[in-house]
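Please read this note beside the model.

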Amino acid sequence: MTHAELVKRAAVWLRRKHAVIITEMAHGAGEEADAIGWTGYGASTLVECKATRTDFIADGKKLFRKVPRMGMGRWRYFMTPPGLLSESELPESWGLIEAHKNRFRIVVKAVEFREYARHWELQLMVSALRRPDGLCV
C-alpha cells in the first residue's frame with residue numbers, strides 16, 4: 001500500500017466522525033499533516049500515514065514529535081499497512097490504525113493530548129479557506 005493510498009484511506013476513516021477533513025495541505029508553518037479532521041465541536045484528530053518503517057523512523061526525529069505539545073491533533077494516530085508497527089513502537093498517547101483491504105482495525109486507541117498546537121490547526125484552516133480554488137477537503 002502506498003503513502004498516497006493510505007492518505008485517501010485516512011480521509012475515509014476520518015469522515016466517519018469528523019465534519020471537516022484536510023489532507024496533505026502545506027500551510028507554511030508547523031506540522032504538515034497527512035490527514036486531519038475536526039468534529040462539529042472543533043475536536044481534532046490527526047492521522048499520519050506510514051507506508052514504510054523508514055518513514056516511521058524519520059517521523060520520530062521531527063521536532064513536534066519530540067515535543068508533543070508542538071504537534072497538531074487532540075487525538076493522534078498512525079495509519080499503516082497491517083503488521084508494519086507494533087504497539088511498543090508508538091510514541092506515548094498515539095494510536096495505531098491498520099488499513100486492511102476492505103476495513104480498518106484500530107490496534108491501539110489514541111489517548112487525548114491536553115496540550116497541542118491549536119494555533120497551527122487554526123492557521124491550517126484559515127489557509128484552506130483562503131485558497132482561490134476553495135477549501136481543500
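1. Ser-93 sits in the loop that runs between β4 and β5 (95-99). Helices and strands here are DSSP runs numbered from the N terminus (helices are H or I with at least four residues, strands are E with at least two). Ser-93 is not a glycine, yet has a positive phi of about 75°. Its relative accessible area is 22%, so Ser-93 is partly exposed. The cut-offs are under 20% relative accessible area for buried, over 50% for exposed, and partly exposed in between, with a 1.4 Å probe and protein chains only.

2. On the source: this is a predicted model, in which local features need pLDDT of at least 70 and side-chain atom pairs count only at pLDDT 80 or more, while totals for chains, interfaces and linings use all residues. Residues are numbered from 1 along each chain as its sequence is written, and side-chain values use heavy atoms, with hydrogens and water left out.

3. Glu-24 also deserves a look. This residue has a positive phi of about 40° and is not a glycine. Glu-24 belongs to the loop between β1 (20-23) and β2 (35-38). Its relative accessibility is 48%, so Glu-24 counts as partly exposed.

4. How many aromatic pairs does the structure hold? There are three. Rings of Phe, Tyr and Trp (its six-membered ring) pair if their centres lie within 6.5 Å; planes under 30 degrees apart count as stacked, over 60 as edge-to-face and the rest as tilted.

5. One of the pairs is Trp-13 with Tyr-77, which is edge-to-face, at 5.2 Å centre to centre and 65° between the planes. This pair links distant parts of the chain: Trp-13 is in helix α1 (residues 3-15) and Tyr-77 in strand β4 (residues 75-80), 64 residues apart. Trp-13 counts as buried because its relative accessibility is 12%. Tyr-77 is buried too, at 6%.

6. Phe-56 and Phe-78 form another edge-to-face pair, with 5.1 Å between centres and 75° between planes. Phe-56 lies in helix α2 (residues 53-59) and Phe-78 in strand β4, so the pair ties together parts that are 22 residues apart in sequence. Phe-56 is buried at 11% relative accessibility, and Phe-78 is buried at 1%. Ring pairs join Phe-56, Phe-78 and Trp-94 into a cluster.

7. Arg-76 lies over the face of Phe-113, 3.7 Å from the ring centre. The criterion for a charge over a ring is NZ of Lys or CZ of Arg within 6 Å of the ring centre and within 35 degrees of the ring normal.
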